Amino acid sequence: MSTMNLGGIALAVAVGALAGFTAEAKTLRWSSPTDLTTLDPYAHTESFTTSMLHHVFDPLVRHGRNLELEPALAVSWKTVRPDTWRFELRKNVKFHNGNPFTADDVVASITRILDPGSRARGDLVAVDRAEKVDDFTVDIVTKGPYPLLLNDLSGIYIMDKEWMEANGALKPGDVSRGVSTAASTSAVGTGPFKVESFKPEAGTVFVVNPNWWDKPQHNLDRIEFKPIKSDATRVAALLSGELDLIAPAPLQDLQRIGNSSGFKVIEEPSLRLIMLSLSSRPELKTAPGQKNPMLDLRVRQAMWHAIDFEALKKRVMRDKSRNTGTLVAPQVPGFAKDNDQLFGYDQDKAKKLLAEAGYPNGFKTKLNCPNDRYINDEQTCVAIASMWTKIGVQTELQTESRATYFPRRDRGEFDNSMVGWANMPSMDGFATLSSLLAEQKDGYGGSNAGAYSNPKIEELTRKAAVELDEEKRRSMLVDALKEARDTVAYIPVHQQPVAWAMRDGVEIPQFPDEYVRLWFTNIK
Amino acid sequence: MLKVFLSRLGQAILVMLVVSAVSFVMFRFVGDPVASMSRESATIEEKTELRRSLGLDQPVVVQYGHFLARTLSGDLGISYRNQRPVTQLIAERLPATLELVIVATLLSLALGIPLGVLCALKPNGVAARGVQALSLIGISTPTFVTGIVLILVFAVSLGWLPSFGRGQVIDLGWWSTGFLTASGMTSLLLPGITLALYQLTLIMRLVRAEMIDVLSSDYIRFAKARGLPARYIHFRLALRNALMPVITVTGLQIGSLIAFAIVTETVFQWPGMGLLFIQAVSFADIPVMAAYLLFVGLMFVIINTVVDILYAVVDPRLRARSA
Amino acid sequence: MKTLTASPGLITRIGAPISVMVAGVVALVMVACALLASRIAPYDPTDLASFDLINAELPPAFSADGDPRFLLGTDNQGRDLLSAMLYGARVSIAIGGGAVLVAATIGVFLGLLAGYYGGKVDAVIMRVADVILSFPTILLALLVSGIARAVLPGAATAEWAPVILICAIAIHEWVQYARTVRAATMVETAKEYVRAGKVIGLPSRRIMLRHILPNVMSPVLVISTINLAAAVLTEATLSFLGVGMPPTYPSLGTLIRIGNEFVFSGIWWIALFPALALVILVVAVNLVGDWLRDRFNPKLRVKR
């Protein structure tokens, strides 16, 4: 939604009359169901907002066209001690307000994100401090040997120190103390676009930054982003010509949009894997006082064999998902082809395994799912509950909004539950180990809602955390993920698709991390 | 008179206190913002720390005390989601919702009154029956179905009207209006109609019932007997008498319209308070939810109190009773 | 009764009874079908083992690629749509009816008390009513179901969700009954026969239940019909907003919410049939309710 004041309109009319038809501004109008919540990069933890702010800010290192890590505001780096990394900074870079970019900005930015009031503090949890060496050299000191520093830094945007000082934003806003800063509503970065206006729920407008330090690979002058929460309305707005791009597009509408003349659909697998966590507690919440049947490996295998993943993929995911046997996507370090073998769909085998485990008549259990978090999450769960019921695992399904679902999952209220994992923002399989597979202690196991526990994985997780040799580290991840598969720690369901729809003439590359990177976008 | 006024005011304050308590306690249970505020791989320790720093680990009574003290001093807190003052967020969204409500009210009055008169004067006519039948369907169709059907027809198939948002808005001070641009006006139409539909039916039926009532009263019959022209009787005498309750009901319904705008705003991505509220619910953004509820409650209490006092002024019998 | 004496048989003369009778029959047939859902539905859509993804999204039997097993086609899970609608209508009607019953019982009781005793009793009850009215129906229902879900772990399950929805809707609706009954009771209380009853020492309970209640029942019945339609709609809206019945035990509203995701996909029957069924049901009930109101109580205003 564009806004201007009365004077602005008069000016625009005058300028328009003068300019005539000479310069045709290239404007991209696009929509997604989520909105960016704030312009302060350290005041949120949402990957969508991070992806939007990447148009305005640059990190020290960034993901390139093939998601490889490449220099951005830093041109090179090396480790000077196991816990100290030295970064050489890019020269002649200017912020949107004209201020030059120097080491002071990096130190101020890192200090700001490490502030106790910073919401995104956890994204840089391994870092202790940043130190200026000279105007274009910075040392970043970690709390110990830490292999994933570059991955973490790719999500940390650099802000202008002078601007923060002038606007009282050197510390981030803090909800608990009731402090909000100018950084929530205005953004001064070094990135390819500048924010022209920011109106939550109504729209955000970006204009091109002609002085960007990098060579632009896009031809956009202006981006109008308008979030639309309702799927049907978003598709309607694309089809009626009010939008150029919608990302994501609802899977069930892809065929219809693709067949409409003047529109096209692009898709590829996302990094996000959907999986089911199974209870490893001594008793099920649904049957207190009785031994949890799922402690028996054969029962877990039966529940895996019971699911017809082909049917799920075909019917629920419209053939757009990828079925998987392991817990990380192929692009993510830790993935191994051997771990990715599918468990065949075999109801008879499943029933036999249940009988062998001593449950010939099955048992009762529950499945909890969100209904507004992952692609077609509720539909997937209804289908799985139906499939489990068919082998005798009578499943009661409960779905609810993410606002109540995730807090309850964190409190350990669920026996079996759905969770999606993308290993973002680090894009490394270690997050799967540390959050999903490790026990809940020492800061590990934050999302291990089924209380899965395995000494071998505990040991591998702690070793991989400090292993600087990349070869060795990856093989630890692979071993741990093999163990997880062998013991059916989780049942992987599928790899979500990223599906976007747009009018013909929009050329945009797609990325498995679901980021919309408009600095690679060209329109006709 | 002063006594009535003071007692009504006292009651209104009491009602607001209860509303604030109920809304606050309710929201404590609706969701937990910590999960939405934390990154995906946050540790249990991080989440506990965040919960503590937000004061969510304290007893509900203590939290309510803080909430009330801050609210009374005009501070509604900071949104967990946007990290901006809640009053600012509400002020930003207020124009969008109010303009939508105004358009819906005007539409329902402009169409509802003539249609109601038509149905009352010619109850047997084809037009009246058609209108009656349509009004039944209007009152029986869920808002979200109406909205999506309108989008399908007018935005996608015909391409006449925008399907979402407010179009171009112009800032007049802090008030952003869509009334001054063509795209702003066309954007108001579909959501306005959707929101107006129920109200329109209500007003139409009310006018019809009141008119039939008034037309059969003695003084209209006397007027007829005196040979006054039908036009004069229908519009100067009957309609005017029927309009009083219409105005009262329209006033009382404004609060409901603001609340019902939640559904309309969701369907049309209308950046008003309803959308703010729905987004806040899915994030468990407690300060925003509480502020929204207080605001809607306050609107209702003000309207009800004013209506009550006006009635007491008009009707002395009520004064005696409530004293 | 003034309206009716003024234009005798207003309704009868313009032929409304035919449409009202049709509406009455339609409403009765739909209610009967819904109540008998478990007998007449070809499948049991609530039995998770009875449907199969293989059958998902089959078009209605009468269209080109239709499958004769599924008259109105299947939904996105492979459920028979007709069966799902019959069961869904049963859920919707049960919740709507339950809400009306609960609201009427509470409202009549409190309205009688307030109107009969007046004074402090009246003030307290009417202030509570004001508080309730200061929350719009939808908002209040959202809050009640939100709390219930947080407090009761099983709140969103098939057993508890209907109870919670009934309470969530009834908590707003009772006020209308209470206000109407209170006004009528105040009128009745002032009449000779009630005063006489008080003088000869009849117990208050007896006066209220035996003498006043029968005289205030006709507006209650009229309100109930109209509120039934409103309650079914409210339930549908709540389900649309995602706090209604679980997808494994859908109401008509839940089915519409699911169908809404398919309006652009070409799978039109999933969206169309449940919405059509809901609108027809509500129109029929409203038609009967309007007629009842005009017939028995022309003074009663339409109020939300």
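In the predicted model, A:Ala130 lies opposite A:Ile140 of strand S8 in chain A. This pair belongs to the antiparallel pairing of S7(A) with S8(A), residues 137-142, which extends over 6 bridges. Helix H3 of chain A, spanning residues 103-114, packs on the sheet and touches strand S6 (84-89) as well as S7 and S8 of chain A. The direction of H3(A) makes about 165 degrees with that of S7(A).

The sheet is open and consists of 4 strands of chain A in the order S5-S6-S8-S7, with antiparallel pairing. Strands S5 (74-81) and S7 (127-134) of chain A each have a single partner strand and stand at the edges, so one side of each is left without a neighbour in the sheet. On average, and with direction ignored, neighbouring strands of this sheet are turned by 25 degrees against each other.

The remaining pairings involve S6(A). Strands S5(A) and S6(A) run antiparallel and are joined by 6 bridges; they form a hairpin with 2 residues between them. Within this pairing, A:Ala74 has A:Leu89 of S6(A) as its bridge partner. Strand S6(A) is also joined to S8(A), again in the antiparallel sense, by 5 bridges. Here the bridge partner of A:Phe87 is A:Val138 in S8(A). Strand S6(A) has two faces: A:Trp85, A:Phe87 and A:Leu89 make up the covered one, whereas A:Thr84, A:Arg86 and A:Glu88 make up the uncovered one.

At the level of domains, the assignment for chain A gives domain 1 (43-178) and domain 2 (271-496). The C-alpha centres of these two domains of chain A lie 34 Å apart. Contact between them involves 13 residues of domain 1 of chain A and 11 residues of domain 2 of chain A. On the side of domain 1 of chain A that touches domain 2, helix H2 (47-53) and helix H4 (149-153) of chain A each supply at least two residues. By residue class, that side of domain 1 comprises 5 nonpolar, 6 polar and 2 charged residues.

Chain A also takes part in contacts with chains B and C. The contact with chain B takes 51 residues from chain A and 54 residues from chain B. Helices H6 (231-239), H12 (402-410) and H13 (430-437) of chain A are the elements that give two or more residues to this side of chain A. Of these, H12(A) gives the most, with 6 residues. The side of chain A that touches chain B divides into 17 nonpolar, 23 polar and 11 charged residues.

The contact with chain C takes 30 residues from chain A and 24 residues from chain C. At least two residues of this side of chain A are supplied by each of H6, helix H9 (309-316), helix H11 (377-391) and strand S15 (393-400) of chain A. The largest share, 8 residues, comes from H11(A). The side of chain A that touches chain C is made up of 9 nonpolar, 10 polar and 11 charged residues. Helix H6(A) is among the contributors to the side that touches chain B and to the side that touches chain C.

Regarding confidence, the pLDDT of chain A averages 89, and 95% of the residues score at least 70. Over residues 1-22 of chain A, however, pLDDT stays under 50. For this stretch, the model has 20 contacts beyond four places in sequence.

Note on methods. Residues are numbered from 1 along each chain as its sequence is written. Chains are lettered from A and ligands numbered from 1 in the order in which they are written. This is a predicted model: local features need pLDDT of at least 70, side-chain atom pairs count only at pLDDT 80 or more; totals for chains, interfaces and linings use all residues. Two strands pair if DSSP finds at least two bridges between them. Axes are lines fitted to C-alpha atoms, for helices over the stretch in contact, and angles run from 0 to 180 degrees between N-to-C directions. Two residues are in contact if their C-beta atoms, placed from the backbone, lie within 7 Å. Ala, Val, Leu, Ile, Met, Phe, Trp, Tyr, Cys and Pro count as nonpolar, Asp, Glu, Lys and Arg as charged, and the others, Gly among them, as polar. A residue is buried if 20 or more other C-beta atoms lie within 10 Å of its own, exposed if 12 or fewer, and partly exposed in between; C-beta atoms are placed from the backbone. pLDDT is the predictor's confidence in each residue, from 0 to 100. Domain bounds come from an automatic or database domain assignment.
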